Amino acid sequence: MGKKLRFGDKMTKLSLFRKGAGEYEQIEEDSWSYLDMEVHEHPILKGKIGVLKSPLIHNDYKGLEKYIERHNAYSTWEAKRYLQLKRDRKVNLTFRQKLKYGLLETGFLPYFYFIGAYFF
């Protein structure tokens, strides 16, 4: 069994990983929504992480309306999760989650997200 690696410590995107080679960080919630939010949490992988030599093209042909609908649902889910975490401070969060929610409380999260996404 390889060393456990945490993907997401760098500004890069994980496109693929082998079934059984890792697991997603756990979010304690009473019930999941119809969203696929669990796959947007960070995977914890065992073993080496490689790099694809060719771009992985992903085309979503569902249209702008579906894109906006999906992201509105994501933002509502995230807001409810944030309020739940504020009420229950006993939840164990990862470093990334602590950083994200800490910056959210200060109001600086959008600025750090922009700088990270566009400059780093």
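The chain contains three helices and three strands, where helices (H or I, at least four residues) and strands (E, at least two) are DSSP runs numbered from the N terminus. Along the sequence these elements follow the order β-β-β-α-α-α. The model is a predicted one, in which local features need pLDDT of at least 70, side-chain atom pairs count only at pLDDT 80 or more, and totals for chains, interfaces and linings use all residues. Residues are numbered from 1 along each chain as its sequence is written, and side-chain values use heavy atoms, with hydrogens and water left out.

Of the 120 residues in the chain, 18% are buried; buried means under 20% relative accessible area, exposed over 50%, and partly exposed in between (1.4 Å probe, protein chains only). The chain exposes about 10500 Å², with carbon and sulfur atoms supplying 57% of that area, as computed by the Shrake-Rupley method with a 1.4 Å probe. Taking contacts (heavy atoms within 4.5 Å) between residues at least 6 apart in sequence, 62% join residues at least 24 apart.

Helix α1 comes next. At 1.5 Å a residue, its 24 residues should span 34 Å, and the end C-alpha atoms of α1 are 35 Å apart, which agrees; the expected span is 1.5 Å times one less than the number of residues. Ala73, Tyr74, Trp77, Arg81, Tyr82 and Leu85 are the residues of α1 listed as buried, and the buried residues of α1 pack against α2.

Helix α2 covers residues 95-106, twelve in number, and reaches 17 Å from its first C-alpha to its last, close to the expected 16 Å. Its buried residues are Gln97, Tyr101 and Leu103. Viewed down the axis of α2, these buried residues fall within an arc of 160 degrees, so they line one face of the helix; the arc is that of the directions from the helix axis to the C-beta atoms. Phe95 and Lys98, on the other side of α2, are exposed. The buried residues of α2 pack against both α1 (64-87) and α3 (109-119). Just after α2, glycine 107 adopts a positive phi of about 90 degrees.

How do α1 and α2 meet? Their axes lie 12 Å apart, at an angle of about 95 degrees. Axes here are lines fitted to C-alpha atoms, for helices over the stretch in contact, and angles run from 0 to 180 degrees between N-to-C directions. The two helices, α1 and α2, are therefore roughly perpendicular to each other, the term for angles of 65 to 115 degrees. On the α1 side, Glu78, Arg81, Tyr82, Leu85 and Lys86 meet Gln97, Lys100, Tyr101, Leu104 and Glu105 of α2.

Finally, proline 55 sits in the loop between β3 (43-46) and α1. With 70% relative accessibility, proline 55 counts as exposed. Its C-alpha atom is separated by 10.0 Å from that of serine 15, 40 residues apart along the chain.

Conventions:
Parallel < 35°, antiparallel > 145°, perpendicular 65-115°, else oblique.
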